[in-house]
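Hello,

Here is the structure I promised to pass on to you. Please have a look, and then read on for my notes.

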Amino acid sequence: QARALEELGRRREAVEVCRKGGAAERASKAEVKSMRVLEQQLLKTEAQEAIAGWWHGTVSPTLGGYDQAFHFQDGGTLKCLVFDQEKDGKFTLADLEISKGSLRGGLKVDLG
């Protein structure tokens, strides 16, 4: 059922199906693990689509107050623009969840 919802572009509903399936009392350990893996894959795809594109902001005054921009791209790659210099980097998403209808989680940026 979760895969069918995913194919229809209804990932958040598919995540809920995975949660319920993984919490079912009669689910085997293998089924629970499979549901958790699928849930994280769905959440990762949802998060990547949510952050795709350019993001602009200003660093706090304490850290210099300069403007910066990030272009989040497919495959965990990004471009960072600071002081008119562009730098390639990578990003990873972690600890993703849907809480009160909002997608939440961690974002790690590596420009090294």
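**Strands and ring pairs**

E4 and strand E5 (residues 102-110) run antiparallel and are paired over eight bridges; strands are DSSP runs of E of at least two residues, numbered from the N terminus, and two of them pair if DSSP finds at least two bridges between them. Before going further: this is a predicted model, where local features need pLDDT of at least 70, side-chain atom pairs count only at pLDDT 80 or more, and totals for chains, interfaces and linings use all residues. Residues are numbered from 1 along each chain as its sequence is written, and side-chain values use heavy atoms, with hydrogens and water left out.

Isoleucine 98 faces leucine 103 in E5. Two residues separate E4 and E5 in their hairpin, and lysine 100 in the turn has a positive phi of about 55°.

A search of the whole structure gives three aromatic pairs (ring centres within 6.5 Å for Phe, Tyr and the six-membered ring of Trp; planes under 30 degrees apart are stacked, over 60 edge-to-face, the rest tilted). Tyrosine 66 and phenylalanine 83 are tilted, because their planes meet at 40°, with centres 5.1 Å apart. Phenylalanine 70 and phenylalanine 72 have planes at 25° and centres 6.1 Å apart, so this pair is stacked. Ring pairs also link Phe70, Phe72 and Phe91 into a cluster.

Best wishes

Notes: Helix = DSSP H or I, 4+ residues; strand = E, 2+ residues; numbered from the N terminus.
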